[in-house]
Each structure stands twice: as structure tokens, then as C-alpha cells.
Amino acid sequence: MAHAATARWQPVQPALQPLPACTACTIRRSPHQAVPAWIHPAPDLPRIMICTRHQQAASDPRHPAPLDIRPVPELTRAHLRARRRQMATSLSWASTITTRWYDHHQHLHERWHTRLNRLTAANPHIPPGPASPTLTCRSLITYPETLTLARTLDRLPPHPLTRTQQTAFLHDLANRLNLPRLAPADHDLLWQRLATR
């Protein structure tokens with residue numbers, strides 16, 4: 001007989017950890033008690049689980065339970081509108097761009113700040129640290145705009161845009177995001193995406 005097998009445990013990165021499932025959905029299953037359940041999101045979708053029926057969502061494994069999203073109905077509306085999946089490339093670009101905008105307080109800062117306040121007020125069980133709700137709720141807060149940007153990026157032609165086309169694209173995107181105008185800085189990743197094919 002060879003040596004006995006050895007198990008080594010190590011933590012999984014948050015980006016790969018499962019998310020808490022809707023408690024109202026799990027209580028309907030046997031033994032009809034609120035027991036914790038976890039779900040692995042599909043790899044080609046945003047790391048967000050939304051139960052539109054019970055208005056609960058999860059976006060970060062550091063939250064001990066799903067969040068009540070009733071005070072933030074735009075999350076459910078965006079999820080219901082996303083009938084078809086965006087291309088993985090567009091979704092990845094959109095997520096990176098909106099994350100950068102969120103982190104640098106650009107374009108949609110006031111809207112996202114209001115959304116974060118409503119979400120945290122409805123969910124006092126969100127752990128305060130070491131990662132704050134500003135970080136752990138980021139992908140959930142930016143979710144509607146990420147999907148809108150991904151849908152818009154899906155429509156880009158397979159060649160780089162001219163300057164006139166870029167201006168028209170930004171005007172269309174501003175309308176879709178309900179902004180009076182959108183003027184990204186020169187170093188904004190959106191410019192890089194418009195020039196990449």
C-alpha cells in the first residue's frame with residue numbers, strides 16, 4: 001500500500017465562490033425550513049443571482065444571506081429585460097468599464113450612490129467590514145447600466161468607428177443610460193473598446 005491520501009484545503013477566490021440562494025425559494029423545498037443554499041453563477045454571466053419572484057439578490061459571497069432588493073426595483077426590471085444573453089466579450093468590457101466608472105465616481109455616481117443607500121438601508125445584515133458595502137455591492141449597484149452598455153456594445157460594427165460614429169455612439173449610449181450627455185475622459189476604457197476589433 002502506498003502512502004495515505006492527503007487533503008489540502010485552501011480558500012477559493014471570491015470571484016469563484018458560490019453565492020447565497022434566495023431564502024424564500026429554498027424554504028419551499030423539503031424540509032420546509034430556511035436552510036442556507038448556495039448557487040454557482042454561470043461563467044458567462046455577471047456574478048449576480050436575482051430572484052425576481054421574491055425580490056432577493058446575491059452578488060458577493062461575503063454576504064451571509066441574499067439581499068432584499070425591493071427598494072431598488074430597477075435591478076429586477078433590468079434582469080427581466082435581459083431576455084437574451086449579451087456576447088461574453090461585450091459583457092466583460094461593459095463590466096470592466098462600469099466598475100471603473102463606479103470606482104472613480106464618474107458619470108453615474110449620484111445614481112449609484114442613491115441606489116447603494118437604498119440597498120444598505122433595506123439590508124442591515126450586510127457585514128460592515130472588512131469589505132464595505134460600497135465594494136461588496138458594486139456589481140449589483142452597476143448591474144442595470146452594465147447590461148445596457150453590454151447591449152449597446154453588442155451592436156458595434158466589426159471595424160473601428162470613425163470620429164463621427166464615435167460621437168453618435170456616445171449620444172445613443174447617453175440616451176440609453178438616461179444621461180444628458182456622456183463625455184468620457186481620454187483614458188476611459190470605453191475609448192479603448194471603440195478602437196478595438
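Reader: In which hand do α2 and α7 cross in this predicted model?

Author: The crossing of α2 and α7 is left-handed.

Reader: Which residues in α2 and α7 meet?

Author: From α2 come Glu-74, Leu-75, Ala-78, His-79 and Arg-81. From α7 come Tyr-143, Pro-144, Leu-147 and Arg-151. Sorted by class, this contact holds five nonpolar, one polar and three charged residues.

Reader: Which residues of α2 are buried?

Author: Glu-74, Leu-75, Thr-76 and Ala-78. Glu-74, Leu-75 and Ala-78 also take part in the contact with α7.

Reader: What covers the buried residues of α2?

Author: The cover includes strand β3 and helix α7. It also includes α4, residues 109-122, and α6, residues 138-141.

Reader: Now take α7 with α8. At what angle do the axes cross?

Author: At roughly 150°. The axes come within 10 Å. Helix α8 covers residues 163-176. The hand is right-handed as α7 passes α8.

Reader: Which residues make the contact of α7 and α8?

Author: On α7, they are Thr-148, Leu-149, Thr-152 and Leu-153. On α8, they are Phe-169, Asp-172, Leu-173 and Arg-176. The classes divide into four nonpolar, two polar and two charged.

Reader: Next, the sheet. How do I read strand pairing?

Author: Strands of a sheet pair through backbone hydrogen bonds, either parallel or antiparallel.

Reader: How many bridges join β4 to β5?

Author: Two bridges. Strand β4 covers residues 56-58, and β4 and β5 run antiparallel. Take Gln-56 as an example: its bridge partner in β5 is Asp-68.

Reader: Let me check backbone torsions. What should I expect for phi?

Author: Most residues other than glycine have a negative phi, and most peptide bonds are trans. Gln-55 has a positive phi, near 60°. Gln-55 sits in the loop between β3 and β4.

Reader: Is Gln-55 buried or exposed?

Author: Gln-55 is buried, because its relative accessible area is 18%, and the cut-off for buried is under 20%.

Reader: Where is Asn-178 found, and what is its phi?

Author: Asn-178 lies in the loop between α8 and α9, and α9 covers residues 189-195. Its phi is also near 60°, a positive value in a residue other than glycine. Asn-178 has a relative accessibility of 63%, so Asn-178 counts as exposed.

Reader: How do I read sequence distance against spatial distance?

Author: Take the two separations for one pair of residues. Thr-99 and Thr-146 are 47 residues apart in sequence. Their C-alpha atoms are 8.7 Å apart in space. Thr-99 is in helix α3, residues 88-103. Its relative accessibility is 21%, so Thr-99 counts as partly exposed.

Reader: Is Leu-16 buried or exposed?

Author: Leu-16 counts as exposed, at 55% relative accessibility. Leaving aside neighbours within four places in sequence, Leu-16 is in contact with His-40 and Arg-47.

Reader: Last, the whole chain. How many helices and strands does the protein have?

Author: Nine helices and five strands. From the N terminus on, the elements run β-α-β-β-β-β-α-α-α-α-α-α-α-α.

Reader: Of the 197 residues, what percentage count as buried?

Author: 39% of the 197 residues.

Reader: What share of contacts links residues 24 or more positions apart?

Author: Among contacts with a separation of 6 or more, 69% link such residues.

Technical notes: Residues numbered from 1 in each chain as written. Predicted model: local features only at pLDDT ≥ 70, side-chain atom pairs only at ≥ 80, totals over all residues. Heavy atoms only, no water. Left-handed = near helix turned anticlockwise from the far one by under 90°. Helix = DSSP H or I, 4+ residues; strand = E, 2+ residues; numbered from the N terminus. Contact = heavy atoms within 4.5 Å. Nonpolar A, V, L, I, M, F, W, Y, C, P; charged D, E, K, R; others polar. Pairing = 2+ DSSP bridges. Axes fitted to C-alpha atoms, helices over the stretch in contact; angles between N-to-C directions. Buried < 20%, exposed > 50% of the residue type's maximum accessible area, 1.4 Å probe, protein only.
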